[in-house]
Structure formats: structure tokens, C-alpha cells
Amino acid sequence: MLDPGAQCDDGRNGNNRDACTDLRQLPKGGDGFIQAVIGEECDDKENNGEGAVCTPECKAVVCGDGYILDGMEECDEGKLNGPGTSCLEGCVANVCGDGDKGPDEQCDDGDLMDGDGCSALCQLEGCGNGMVD
């Protein structure tokens, strides 16, 4: 028989990664134990999530999963990462001068020089733009 509040009982065998933890609870994401039986790769309890090495789904953070790993990724828009977006493949921010025209850029020729048709602010140069080019 199970004690009140217990979901399972394996005799508190010291293995919190099997089908029953020593707290007599069924394995679940966010319980602080890496539960291979439910497909977890990591579990840092309440520390899972944005900026951490472990997602709320208890998977290791990787570029393209939509979670930003502090110090390793500048951005991560999941499947939207790529050319022409604000976050490039490799989870690097799309910035003026990188050679990839981002959403807020009129042009990006890969440099930050004025006078070559694309300004240092990645705006088209030409008559009528309010600047002497």
C-alpha cells in the first residue's frame, strides 16, 4: 500500500532516476533529477528556462531551440533563425555591416563605409535621402 501523498514506492532504493524517486513521486520534468525514463537531458528545477543551460522542457539548450543561453548565444528565434532575420544561423545577431540585410536595414554591403551606395547605418545612399552622399 502507498503512504498518503506517495505516487509510487520502490523502497527508497537510492535511485532518483528510475520510475520512482526516493520522495515516492513519479518522475516529472522540473523535479531536480535527470529522468531518462521521460526523456530529460537536464533538470535544474526552478532554474530551467531563459538564460540557463536547461530549457523548461528539461532539454539542453542548443542554438535554434528558441531559448537564449547567456554568454553563448546573442539571440535565438528558433526555426526563424537565418538570412534576412534579426537572428542569423549560429544564434548571432544580424547587425549592420555583416553582409546580410536584416529586417531594419535597407541594405547591407558588408562594411560600415559611407559613399558606396549603402551607408554606415545600412540605409540606401542617393539623391533625396537627406544626406550628402
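Biologist: Is aspartate 9 buried, partly exposed or exposed?
Modeller: This is a predicted model, and in it aspartate 9 is partly exposed, with a relative accessible area of 41%.

Biologist: And which residue does aspartate 9 form a salt bridge with?
Modeller: Aspartate 9 pairs with arginine 24, and their closest N and O atoms are 3.8 Å apart. Both residues lie in the segment before S1, and the pair ties together parts that are 15 residues apart in sequence.

Biologist: How many salt bridges turn up in the whole structure?
Modeller: The search finds 2. In one of them, arginine 24 meets aspartate 3, at 2.5 Å from N to O. That pair ties together parts 21 residues apart in sequence, again in the segment before strand S1 (87-88).

Biologist: Which residues end up in one network, then?
Modeller: Asp3, Asp9 and Arg24, joined by salt bridges that share partners.

Biologist: OK, new topic. How many disulfides does the structure hold?
Modeller: There are 6. One of them links cysteine 8 and cysteine 20, with the sulfur atoms 2.0 Å apart. The torsion about their S-S bond is about 90°, so this disulfide is right-handed. Cysteine 8 is buried at 10% relative accessibility, and cysteine 20 is buried at 5%.

Biologist: Which cysteine is joined to cysteine 96?
Modeller: Cysteine 122, at 2.0 Å from S to S. The link is right-handed too, with 100° about the S-S bond. Both ends sit in the segment after strand S2 (92-93), and the pair ties together parts 26 residues apart in sequence. Cysteine 96 is partly exposed at 25%, whereas cysteine 122 is buried at 0%.

Biologist: And where does cysteine 107 go?
Modeller: Cysteine 107 is joined to cysteine 118, with 2.1 Å between the sulfurs. That one is right-handed at 95°, and both cysteines are buried.

Biologist: What's the pairing if you number the bonded cysteines in sequence order?
Modeller: You get 1-2, 3-4, 5-8, 6-7, 9-12, 10-11.

Conventions:
Residues numbered from 1 in each chain as written. Predicted model: local features only at pLDDT ≥ 70, side-chain atom pairs only at ≥ 80, totals over all residues. Heavy atoms only, no water. Salt bridge = Lys/Arg side-chain N within 4 Å of Asp/Glu carboxyl O. Helix = DSSP H or I, 4+ residues; strand = E, 2+ residues; numbered from the N terminus. Buried < 20%, exposed > 50% of the residue type's maximum accessible area, 1.4 Å probe, protein only. Disulfide = S-S within 2.5 Å.
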